[in-house]
Amino acid sequence: MPRIALYPGSFDPPTNGHVAILRAALSVCDHLVIGVGTHAAKTPQLSADDRVRMLAEIAAPLANAARTTFEVRMFDTLVVTFAWDIGATLIVRGLRDGADLDYEMQMAGMNAEIAPGVQTVFLPALPETRHITATLVRQIAAMGGDVAPFVPPQVAAFMAGDRQRKPRA
Ligand code: ADP
């Protein structure tokens with residue numbers, strides 16, 4: 001049976017930190033579903049459609065190299081519910097530091113009670129990208145800064161274009 005993994009997140013925007021985890025996640029499963037959370041409580045900077053499109057572009061060459069299939073899907077339910085719906089037995093999460101660990105352990109523990117058949121897998125951040133957070137990337141972009149060092153080229157180009165389309169007040 002193919003091993004299906006779910007890599008869920010907001011990916012607002014996709015960063016080089018996400019890419020490192022994505023690459024590693026592709027090596028631990030046969031099919032990876034990248035789940036773009038569209039929970040109504042969060043107001044994203046990038047539309048869900050844009051995030052899905054960019055993640056598909058970013059993941060395609062990585063999946064090809066890993067010989068793993070993938071798809072990018074939006075979801076607005078609990079992560080475990082979505083994992084269950086798509087037949088995933090693994091939920092992949094990246095760990096940057098102790099703060100991530102504390103939060104992720106709580107989530108993994110509660111998810112394990114809700115859906116015992118779904119296992120959370122933690123993948124370590126790479127030293128060169130572990131400092132990157134999507135929140136800070138959004139703040140830098142909002143203040144007119146250059147986010148190119150922190151995100152894949154297509155994301156940097158898109159966010160630069162977005163800034164020109166929406167001049168700051
Ligand atoms: P969420 O809102 O679910 O935390 P994010 O898009 O912020 O969504 O993160 C998705 C996943 O990617 C999480 O598991 C997070 O720990 C991981 N992640 C984010 N940034 C990095 C990074 N720089 N290095 C490693 N993992 C990361």
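I began just after helix α5, where Gly144 takes a positive phi of about 85°; helices here are DSSP runs of H or I with at least four residues, strands are runs of E with at least two, and both are numbered from the N terminus. I note that the model is predicted, so that local features need pLDDT of at least 70 and side-chain atom pairs count only at pLDDT 80 or more, while totals for chains, interfaces and linings use all residues. Residues are numbered from 1 along each chain as its sequence is written, and side-chain values use heavy atoms, with hydrogens and water left out.

I then turned to the open sheet, in which five strands pair in parallel in the order β3-β2-β1-β4-β5, pairing requiring at least two DSSP bridges between two strands. Because β3 (69-75) and β5 (119-124) stand at the edges with a single partner strand each, one side of each is left without a neighbour in the sheet.

For the parallel pair β4 (residues 90-95) and β5, I found six bridges, and Leu90 stands opposite Gln119 in β5. Helix α1 (residues 16-25) packs on the sheet, touching β1 (4-9), β2 (31-37), β4 and β5, where contact means heavy atoms within 4.5 Å.

Key
Axes fitted to C-alpha atoms, helices over the stretch in contact; angles between N-to-C directions.
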